[in-house]
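Good morning, and thank you for the time. Please have the viewer open while I speak.

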Amino acid sequence: MKTYLDNAATTKVDSEVVKAMKPYFEEKYGNASSLHSFGSEAKKALEESRKKIADKINADPSEIIFVSSGTEADNLAITGIAKLKGKGHIITSKIEHPAVLETCKELEKNGFDVTYLNVDKDGFVKDFEKSIKSNTILVSIMHANNEIGTVQDIEKIGKICRSKNIIFHSDCVQSFTKEKIDVKKMSIDLASFSSHKIHGPKGIAALYIKEGIKLKKLMFGGHHEKSIRPGTENIPGIVGFAKAVQIANENDVERIKQMRDKLINGLLKIPDTRLNGDKEKRLCNNISISFRYVEGESMLLYLDEKGIAVSTGSACSSQSLEPSHVLISIGLPHEIAHGTIRYSLSKYTTEKEIEYTIKTTKEVIERLRRISPIKRR
Amino acid sequence: MYSEKLMERFRNPKFVGKIKYPDGVGEEGNMRCGDIMKLYIKVKDNKIMDAKFETFGCAAAIATSDALCELAIGKTLGEALKIKKEDIIKLLGGDVPKIKYHCSVLGVETLHKAIEDYKKKHKSF
Ligand SMILES: Cc1ncc(COP(=O)(O)O)c(C=O)c1O
Ligand code: FES
């Protein structure tokens with residue numbers, strides 16, 4: 001049975017989204033900067049889409065800038081602020097996505113001082129307040145983690161930043177439309193969102209920039225997107241992204257959560273397994289499980305043979321041959337990180353697929369444990 | 001990423017398991033990613049009569065272990081010591097990803113350990 005459980009990597013585009021995008025390829029293909037009717041048609045779609053996305057996070061449409069990917073949004077937010085300030089201290093966490101971590105590492109090379117906060121065994125950042133210095137210019141902490149699903153208390157971090165006048169960025173790529181996001185209530189200054197994680201098309205994303213927050217642009221060109229992000233707007237992508245946001249709803253979130261819990265319970269019945277990440281404050285669609293005595297890449301490929309698509313934090317499957325930095329940060333020993341699989345659900349996941357996945361995982365684990373030289377004692 | 005030949009071996013390894021009364025056992029850990037391979041051999045008249053493996057590792061490591069057993073069986077100890085990672089890779093269809101070469105090296109090293117173990121136990125004659 002074909003079962004796609006890698007929705008944290010990317011998602012199927014909703015057919016409503018495809019339908020909404022279609023006219024903008026073949027009929028309304030104008031450049032939103034043009035003065036003629038083709039242009040104004042595109043401009044109208046652009047601004048309507050911007051409003052839909054802004055509404056979802058309680059922002060003003062003027063605070064949304066379209067970019068090409070979540071990665072670009074993270075880069076623009078962090079490097080944009082750093083470049084404007086010129087120097088100073090940045091706080092982030094050890095479990096951020098590479099889009100944030102690598103950006104911070106690059107800034108370190110350019111003289112910025114960066115603190116990478118530790119996290120506890122469930123993935124919550126530790127010692128945040130203590131790490132603030134007099135020259136801290138920026139804090140970047142993700143809302144929900146892409147590997148273990150832990151949802152941080154962003155509001156608390158935001159309030160502290162606001163009270164100390166420190167700019168706060170949050171990578172909300174995984175949490176968008178799954179967790180409630182209110183940029184005002186959460187005191188967020190900058191936030192990254194990506195379309196392809198929420199049943200929208202690839203190649204389009206957004207950065208929320210609070211009114212009054214200034215940053216240096218990374219690309220130079222025309223006057224698009226308030227001159228912050230030049231380049232002719234990807235209107236079909238933007239329309240699709242907005243449609244995906246509009247379609248997302250709480251009923252789906254609840255339904256996914258129920259299936260998630262059913263899958264977690266089924267998988268934890270397999271001996272010598274553990275759930276990674278917090279049990280309660282967890283993304284509705286994330287399951288990260290470590291199976292002892294087996295290696296993740298082998299598991300992934302055996303599951304794939306049965307039609308089930310998942311991902312793994314195993315060292316063997318990474319280009320660096322290092323286990324996932326997130327799993328190591330929550331304190332998993334290498335050999336346990338090795339056998340870690342992420343199942344990520346979507347609104348298209350069915351009860352049947354959940355049952356099939358439980359049954360198949362059991363078989364695969366048994367098969368691989370028979371091959372493994374390390375066994376239960 | 002993997003060739004069909006390698007995948008076929010990974011899916012249906014023929015030499016998985018233990019040998020009840022082995023003449024030599026080799027166990028080696030992979031320094032790069034932390035995997036473990038265990039190899040059991042049965043030796044008669046200086047010849048490897050049987051080989052079985054247990055591996056905790058990636059698809060390439062499991063396929064390597066299996067190919068290694070196939071290569072080792074029927075060889076004299078001297079011949080077996082000459083098996084190189086290239087021989088294993090060839091049996092796996094020729095195109096193992098570069099990043100997975102170390103998994104094949106692990107196979108060769110484990111075999112050497114098993115033969116060493118055999119020699120240690122049988123040096124009385
Ligand atoms: C938490 C997080 N941040 C950023 C990204 C990057 O987003 P994109 O794939 O749109 O560049 C991802 C997706 O892989 C993610 O999960
Ligand atoms: S055993 Fe780890 S990469 Fe092959």
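First, the conventions. This is a predicted model, in which local features need pLDDT of at least 70 and side-chain atom pairs count only at pLDDT 80 or more, while totals for chains, interfaces and linings use all residues. Residues are numbered from 1 along each chain as its sequence is written, chains are lettered from A and ligands numbered from 1 in the order in which they are written, and side-chain values use heavy atoms, with hydrogens and water left out.

Let me begin with the interface of chain B and chain A. Here 26 residues of chain B are in contact with 24 residues of chain A, contact meaning heavy atoms within 4.5 Å. The buried area is about 1,800 Å², and carbon and sulfur atoms give 66% of that; the term denotes the accessible area (1.4 Å probe) that two parts lose on being put together, summed over both. Of the area that chain B buries against chain A, 32% is supplied by B:Phe10, B:Phe56 and B:Ile99, more than any other three residues.

The polar side of this interface includes 9 residue pairs in polar contact, both at pLDDT 80 or more. A polar contact is a pair of N or O atoms within 3.5 Å; within protein, one must be able to donate a hydrogen and the other to accept it, and residues adjacent in sequence count only if both atoms are side-chain atoms. The elements giving two or more residues to the side of chain B that touches chain A are α1 (4–11), β2 (36–44), β3 (47–56) and α2 (59–72) of chain B, helices (H or I, at least four residues) and strands (E, at least two) being DSSP runs numbered from the N terminus. β3(B) gives the most, with 4 residues.

There is 1 salt bridge between chain B and chain A, that is, a side-chain nitrogen of Lys or Arg within 4 Å of a carboxyl oxygen of Asp or Glu. It joins B:Lys100 to A:Glu297, at 2.7 Å from N to O.

A:Glu297 is also one of the buried residues of α10(A), where buried means under 20% relative accessible area, exposed over 50%, and partly exposed in between (1.4 Å probe, protein chains only). Helix α10 of chain A, residues 296–305, has 7 of its 10 residues buried, so it is largely enclosed by the rest of the structure. At its start, a side-chain oxygen of A:Glu295 reaches to within 2.7 Å of the backbone nitrogen of A:Glu297.

Now the domains. Chain A is divided into domain 1 (3–11 + 249–370) and domain 2 (15–247), with bounds from an automatic or database domain assignment. The two domains bury about 2,500 Å² between them, 51% of it on carbon and sulfur atoms. Their 1 salt bridge pairs A:Glu250 with A:Lys180, the closest N and O atoms being 3.5 Å apart.

Finally, links within each chain. A:Asp6 forms a salt bridge with A:Arg342 at 3.1 Å between the closest N and O atoms. A:Asp6 lies in the loop between β1 (3–4) and α1 (15–21) of chain A and A:Arg342 in strand β13 (residues 340–344), so the pair ties together parts 336 residues apart in sequence. Both residues are buried.

In chain B, B:Glu70 forms salt bridges with B:Arg9, at 2.8 Å, and with B:Lys14, at 3.8 Å. B:Lys14 is exposed, with a relative accessible area of 55%.
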